[in-house]
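Here is a short briefing to read alongside the structure. Have the model open and follow the topics in whatever order you like.

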Amino acid sequence: MFNASDYMAPAELGRWRNLALGVGGICTLILFAVGFGMDQKETALRAWLLGFMFSCGLGVGGLGILILQYLTGGAWGVVIRRTVEACSRTIPYLLLLFIPVALGVKTLYEWSHLENDPVIQHRGWYLTWGGFVGRAVIYFVLWGVMQYLLNKWSANQDRSEDYEESAKWLGTATAFSGPTMVIFVLVVSFAAIDWTMTLDPHWFSTIWGFLYVAGWALSCFSFAVAILAYLSDKEPMNKILGKRHFHDIGKLMLALVMVWAYFNFSQFLIIWSGNIPEETVWFLARMKNGWGWIGLILILFHFAFPYLVLLSRDVKRNAKYLAIMAIFIMILRIVDVFYHIAPSPSTTGQELHFNGYWILYLLGPLGAGGIWLFFFFRELASRPLVPVKDPFLENAIEHGKGH
Amino acid sequence: MAEFDTPTELVDAARQVRDAGYKKTDAFSPFPLHEIDEALGIRRSILPYLVFGGGVIGLLTGLGLQWFTHVWEYPIIVGGRPHFSLPAFIPPAYELTILLAAFTAVFGMLFLNGLPSPYHPVFNVERFALATREKFFLLIEATDDKYDYEETRSFMESLNPQEVFDVEE
């Protein structure tokens, strides 16, 4: 058995935590000061939405991976569990980050102005402020219950007397994860449709939710790799992590890069083949006026480049290289959601033009992401970095050392 | 060929054989041993590169085939789209990429392993049947540059094996 107090997070994480809060707080202040002081409310709120969606990718994505690793088992799940658990415990704070979006619906979403539009009328209460915010609260309650129960059982496991009791809690979490995975994917799908797809209220795509299921999982895996790589040469994780753990998680990243490309291409191919004006409008807006370059960047650097690099076994087995790749992917994840949000029709009814204020799109992810990171580091430090009483921990450590 | 009782003995012996400079060696065990590749000094397989090459050839074949049929040999307008409609060409090109990569992986693996191999002299040793059950065997081939019957045999005996066998062709 392992001693819980030997496996707490190293103290230097506290420095990163404070740095994250400082950067996040300052960027948020500048973002809203410029947004409201210089009458750039729409750009500022869209930038915040971008940051919020990115933070959701890490927090809610963490819950998804937590459920996933209980279902699949395996050594990678045991070593990544506490990191994604800390991600999932940030979900209540994500509700805090959601407040500007909820208050800014009139500025953000075109549907809030189209009372006379027959399509919007047909949507009924679904596209009203009450419906939008009410649903968001339901999503957060469902995610909150999922993460609360899984984290509670995991904490119970840490207090177990013996392997038998510990295995019982593991069994409970695993049994809960099966049906919960189904609900989780549905909730993420609904949330993604609400928060970003309705930016263009006439357009729809049935695969939209899955773009975010795959995207958020990829975001969180990349984030976890960066965190684990940082911890891997420090006490106590240097006793736990081995090359093979990174190899396994690297393979999952490669798979998700491909899934992301597959879903996006499916969406594009079907709309391109159908060639119906009400569907093609979304892609047309994202191909003209230079937006096509962002699309090309996504194809090349969100898919082709990480795909080819992650094929290499040596990259996947080297914590440092894999972490660099992971941070690169996280940046492209932000570009991907930026591509969803920024070209959407403006609520002012005017054509959007690139201007200097678009630098706010950088502050959004930095602000929301920084605040999120603060809560993440706080949660990460509150429990041992590995499930010390887990019956499979020893096996998982052994697995990492293998060839 | 030497017989051993435990996997640890086999791996230790394999390391000594490698350090003694023997190249044409092989080990037999009832289950996979992670350390044996390194212990025998086996270099990493070139198979991944072959598979990558197979995939690239598949991709180019897929695109080339569609370009040939739709643009070069029998151009016909479908749905008002250009002759070379890349989005529509991607799924078949992708399928061919996977197909050729998978074929290269399977047949390349068989070829690099020297399979199928209907006859192998080690089966002339009766006790070798135990390699699928509980015993571990280490083989030095007579074609090895360093091979010398007397010297190799006494060297193998120095490894503390259960027994040393001569494998007849």
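**Around Phe221(A)**

Leaving out residues up to four places away in sequence, Phe221(A) touches Ile65(A), Ile249(A), Leu252(A), Met253(A) and Leu256(A). Please keep in mind that this is a predicted model.

**Nonpolar cores**

- The largest nonpolar core holds 113 residues, and Phe221(A) is among those with the most contacts inside it, together with Cys220(A), Val225(A) and Met253(A).
- Which helix gives the most to this core? That is helix 9 of chain A, residues 208–231, with 18 residues.
- There is also a second, separate core of 20 residues, whose members include Met1(B), Ile36(B), Leu40(B) and Phe136(B).
- As general background, nonpolar side chains in soluble globular proteins tend to be buried together.

**Chain A as a whole**

- The secondary structure of chain A amounts to 16 helices and 0 strands.
- Chain A is as compact as a globular protein of its length, because its radius of gyration of 21 Å is close to the 22 Å that the globule rule gives for 403 residues.
- Of the 403 residues in chain A, 44% count as buried.
- Among the contacts in chain A with a separation of 6 or more, 84% are between residues 24 or more positions apart.

**Helix 2 of chain A**

- Helix 2 runs over residues 41–72 of chain A, which makes 32 residues. From first C-alpha to last, helix 2 of chain A reaches 45 Å, close to the 46 Å expected at 1.5 Å a residue.
- Where is the kink in helix 2 of chain A centred? Look at Gly61(A), where the helix has a kink of about 25°.
- Helix 2 of chain A is mostly covered, with 27 of its 32 residues buried.

**Leu45(A), a residue of helix 2**

- Leu45(A) is found in helix 2 of chain A, and it counts as buried because it has 27 C-beta neighbours inside 10 Å.
- Setting aside neighbours within four places in sequence, Leu45(A) is in contact with Gly35(A), Pro100(A), Gly104(A), Thr107(A) and Leu108(A).
- Leu45(A) and Tyr361(A) are 316 residues apart in sequence, yet their C-alpha atoms are 9.3 Å apart in space.

**Two asparagines with positive phi**

- Most residues other than glycine have a negative phi, and the next two residues are worth a look with that in mind.
- Asn275(A) has a positive phi, near 55°, and lies in the loop between helix 10 (243–274) and helix 11 (277–285) of chain A.
- Is Asn275(A) buried or exposed? Asn275(A) counts as exposed, because it has 11 C-beta neighbours inside 10 Å.
- Asn289(A) likewise has a positive phi near 55°, and its place is the loop between helix 11 and helix 12 (291–311) of chain A.
- With 13 other C-beta atoms within 10 Å, Asn289(A) is partly exposed.

**Domains of chain B**

- Chain B is divided into domain 1, made of 2–44 + 120–164, and domain 2, made of 47–112.
- Taken over C-alpha atoms, the centres of domain 1 and domain 2 of chain B are separated by 44 Å.

How values were computed
Residues numbered from 1 in each chain as written. Chains lettered and ligands numbered in written order. Predicted model: local features only at pLDDT ≥ 70, side-chain atom pairs only at ≥ 80, totals over all residues. Helix = DSSP H or I, 4+ residues; strand = E, 2+ residues; numbered from the N terminus. Expected span 1.5 Å × (residues − 1). Bend = angle between axes of the 7 residues up to and from the residue. Buried ≥ 20, exposed ≤ 12 C-beta atoms within 10 Å, placed from the backbone. Domains from an automatic or database assignment. Rg over C-alpha atoms; globule rule 2.2 N^0.38 Å. Contact = placed C-beta atoms within 7 Å. Core = buried A, V, L, I, M, F, W, Y, C linked by C-beta atoms within 7 Å.
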